[in-house]
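Please keep the sequence and the structure open alongside the points below.

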Amino acid sequence: MRERDDTARLGAAEIGAALGERATLLQFSSAFCQPCRATRRTLTQVAGMVDGVAHVEIDAEDHLELVRRLHVLSTPTVLVLDADGAIVRRASGQPRKADVIAALGAAVRD
């Protein structure tokens, strides 16, 4: 996963859902993307394990302006947002559960 991007902040209006209290796992997917389904399961599982973490999935084709602005080039792409909506990590492809948990460490503040 790549490091923090302090230039971009996302809010509930942009992603179509409330941000997590502590962090948000934002997944860009497409309809026929097989790795997107596995990514959804992994992110849902991790969000269920950590209090205050939300998983939000966005259909990339329905949000082309946001996809372009954030330079999402493939699906799945996962952005880890902190409580304020700042992007602290990003990755393309199907993530491993351990990597997602580690990336959350950069976003979650106690």
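This is a predicted model: local features need pLDDT of at least 70, side-chain atom pairs count only at pLDDT 80 or more; totals for chains, interfaces and linings use all residues.

**Strand β4 and its partners**

- The hairpin formed by β4 and β5 has three residues between the strands, and in this hairpin Gly 85 takes a positive phi near 90°.
- Strand β4 is also joined to β2 (residues 23-29), by six bridges, and these two strands likewise run antiparallel; within that pairing, Ala 23 has Asp 82 of β4 as its bridge partner.

**Burial of strand β4**

- Strand β4, which spans residues 77-82, is mostly covered, with six of its six residues buried.
- In a regular strand, side chains alternate between the two faces of the sheet.
- In β4, Thr 77, Leu 79 and Leu 81 point one way, whereas Val 78, Val 80 and Asp 82 point the other way, and the residues of both sets are all buried.

**Helix α4 and what covers it**

- In helix α4, made up of residues 97-107, the buried positions include Val 100, Ala 103, Leu 104 and Ala 107.
- Because the buried residues of α4 fall within an arc of 110° when seen down the helix axis, they line one face of the helix.
- An α-helix has 3.6 residues a turn, so residues three or four places apart point the same way.
- On the other side of α4, Ala 102 and Gly 105 are exposed.
- The cover over the buried residues of α4 includes strands β2, β3 (53-59), β4 and β5, together with helix α2 (34-49).

**The chain as a whole**

- The protein chain contains four helices and five strands, and read along the sequence they follow the pattern β-α-β-α-β-α-β-β-α.
- A compact globule of 110 residues would have a radius of gyration near 13 Å, and the 12 Å found for the protein chain therefore agrees with such a globule.
- Taken along the principal axes, the box filled by the C-alpha atoms is roughly 35 × 25 × 25 Å.
- Of the 110 residues in the protein chain, 44% count as buried, while the accessible surface comes to about 5900 Å², of which 49% belongs to carbon and sulfur atoms.
- Among contacts between residues at least 6 apart in sequence, 71% join residues at least 24 apart.

Note on methods: Residues are numbered from 1 along each chain as its sequence is written. Side-chain values use heavy atoms; hydrogens and water are left out. Buried means under 20% relative accessible area, exposed over 50%, partly exposed in between (1.4 Å probe, protein chains only). Two strands pair if DSSP finds at least two bridges between them. The arc is that of the directions from the helix axis to the C-beta atoms. Contact means heavy atoms within 4.5 Å. The radius of gyration is taken over C-alpha atoms; the globule rule is 2.2 Å times the number of residues to the power 0.38. Accessible areas come from the Shrake-Rupley method with a 1.4 Å probe; for residues, only the protein chains shown count as cover.
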